[in-house]
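Colleague: I have a structure to go through with you. Could we begin with the ligand and then turn to the backbone?

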Amino acid sequence: MFETTETLITAKSDNHLQIIRPMNYNGTHYRTIWPDLNNEQQICIIDQRKLPHDFIVEKIDTAEQMVTAIRDMHVRGAGLIGAAAGFGMYLASLQAPDTSFDAFMAAAAKKFDASRPTARNLMWAVERILQAMSQATNPEEKRATAYATACIIADEDAEFCRRIGEHGLRIIEEISRKKNGAPVNILTHCNAGWLAFVDHGSATAPIYAARDAGLPVHVWVDETRPWNQGSRLTAWELYHEGIPNTLICDNAGGHLMQLGQVDMVIVGADRVTHTGDVVNKIGTYLKALAAKDTDIPFFVALPSSTFDWKLDNGMDIPIELRSGEEITTLTGKDFQGKLRTVLLAGEETRAANYSFDVTPARLVESLITERGIVKPERNAIHQLFPEAGHLEGTRLQDKS
Ligand code: MRU
């Protein structure tokens with residue numbers, strides 16, 4: 001039997017903002033990461049490499065295992081790898097010797113930061129744990145602080161996504177009104193769903209809120225080569241949430257936009273500069289260009305933990321280069337139910353696997369955040385998040 005997180009959330013809610021309805025798989029509600037109910041020194045994750053064919057809960061005991069889980073994409077998606085890094089730092093604190101606690105934690109922080117270089121949430125969570133621990137006076141207190149802070153990071157992630165849903169719902173309502181209640185066709189790229197966060201998702205939260213409000217929606221799901229987050233994760237997730245959706249190949253979006261079959265685009269983000277440039281899964285930029293050409297609004301949904309308050313130019317964000325094998329091979333279940341990896345390209349073929357691209361602010365209609373909808377412009381963003389002002393400042397060579 002799979003573990004349900006519902007009791008857990010109630011049992012461990014001292015540091016939680018509120019109890020939130022986790023998302024749905026086969027009638028059971030899950031978050032994507034949680035401390036084991038019987039042993040909080042063990043962190044449970046859903047191994048996303050196995051979806052959609054197998055739903056496997058993996059238990060993580062050490063910081064090293066969590067680094068591997070992030071790097072090799074057992075967990076992925078901006079918010080979730082932030083939460084995973086938070087819990088991973090807590091596991092590191094359990095391993096840290098009292099005599100060299102701070103040095104051990106600084107080394108662990110470096111390993112987490114290097115595990116996925118593009119997503120801002122990851123470094124943000126690591127910084128937050130280090131900062132919180134710096135207020136504690138001894139290793140025991142620091143470990144307790146790391147645990148409490150990791151729980152808060154996870155709860156905030158879920159709650160902020162829920163609020164993104166409330167704000168994004170207004171946009172879908174308006175389009176629905178203009179269409180006299182006909183289904184609103186939403187195109188999304190990659191997976192910025194509940195699997196990419198602790199719960200709800202960013203791009204999917206407005207979709208789930210629309211479903212809950214009784215508005216008919218239909219989602220065009222980009223398959224999102226090479227890792228296929230769309231076909232493997234988003235289509236699966238939407239199916240289990242009862243949202244009508246259709247899988248399309250990555251190159252179909254522009255054609256559907258020209259045919260008038262897309263009313264809006266909502267994507268997530270791995271990092272957004274405080275000037276509004278968006279880094280998201282490779283291929284996002286091309287969708288934004290097509291949306292601009294066809295006059296279709298292109299929205300980006302993100303919690304504030306995804307903002308980079310220091311970088312002015314999205315082109316300065318480090319873009320992760322992954323193994324070319326993700327392009328030259330494909331893994332799936334054969335018709336006998338066996339998982340197989342097959343070679344698509346010739347054995348001699350070399351592939352370059354750029355994982356993310358930059359969508360300039362000028363192509364983005366608005367950002368949907370937990371505090372509301374905002375234009376992708378420096379002043380507007382800072383007005384919505386005035387407390388981030390002191391973080392501002394250009395790093396010339398930002399590669400972190
Ligand atoms: O490589 P991934 O799957 O970790 O990439 C991150 C993403 O899932 C996407 O880029 C997503 O659209 C934004 S993450 C909320």
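Colleague: How far is an oxygen atom of the ligand from an N or O atom in the side chain of D270?

Modeller: The model is a predicted one, and in it the distance from an oxygen atom of the ligand to an N or O atom in the D270 side chain is 2.5 Å. For the side chain of R116, the corresponding distance to an oxygen atom of the ligand is 2.6 Å. N191 takes part through its backbone, with an N or O atom 3.1 Å from a ligand oxygen.

Colleague: How much of the ligand does the protein bury?

Modeller: The protein buries 100% of the 390 Å² that the ligand exposes when taken alone. The space that the ligand takes is the largest cavity.

Colleague: Which residues around the ligand come nearest?

Modeller: There are 15 residues around the ligand, and the nearest are R76, R116, D270, N280 and K281. By type, the shell has seven nonpolar, four polar and four charged residues. Domain 1 (6–156) and domain 2 (165–390) each supply at least three residues to the shell.

Colleague: Now the backbone. Which peptide bond has omega near 5°?

Modeller: That is the bond from L51 to P52, which is cis. P52 belongs to the loop between β4 (43–46) and β5 (57–60). The bond from R225 to P226 is also cis, with omega near 10°, and P226 sits in the loop between β7 (217–222) and α8 (229–240).

Colleague: And what is the phi of C190?

Modeller: C190 has a positive phi, about 65°, although it is not a glycine. C190 is in the loop that lies between β6 (184–188) and α7 (205–212).

Terms used. Residues numbered from 1 in each chain as written. Predicted model: local features only at pLDDT ≥ 70, side-chain atom pairs only at ≥ 80, totals over all residues. Heavy atoms only, no water. Near = heavy atom within 4 Å. Polar contact = N/O pair within 3.5 Å; in protein donor to acceptor, adjacent residues only side chain to side chain. Areas by Shrake-Rupley, 256 points an atom, 1.4 Å probe, with all protein chains shown as cover. 1 Å grid on protein atoms, 1.4 Å probe; cavity = no way out; pocket = protein on both sides within 12 Å on 5 of 7 lines; lining within 4 Å. Sits in = over half its atoms within 2 Å of the grid points. Nonpolar A, V, L, I, M, F, W, Y, C, P; charged D, E, K, R; others polar. Domains from an automatic or database assignment. Helix = DSSP H or I, 4+ residues; strand = E, 2+ residues; numbered from the N terminus.
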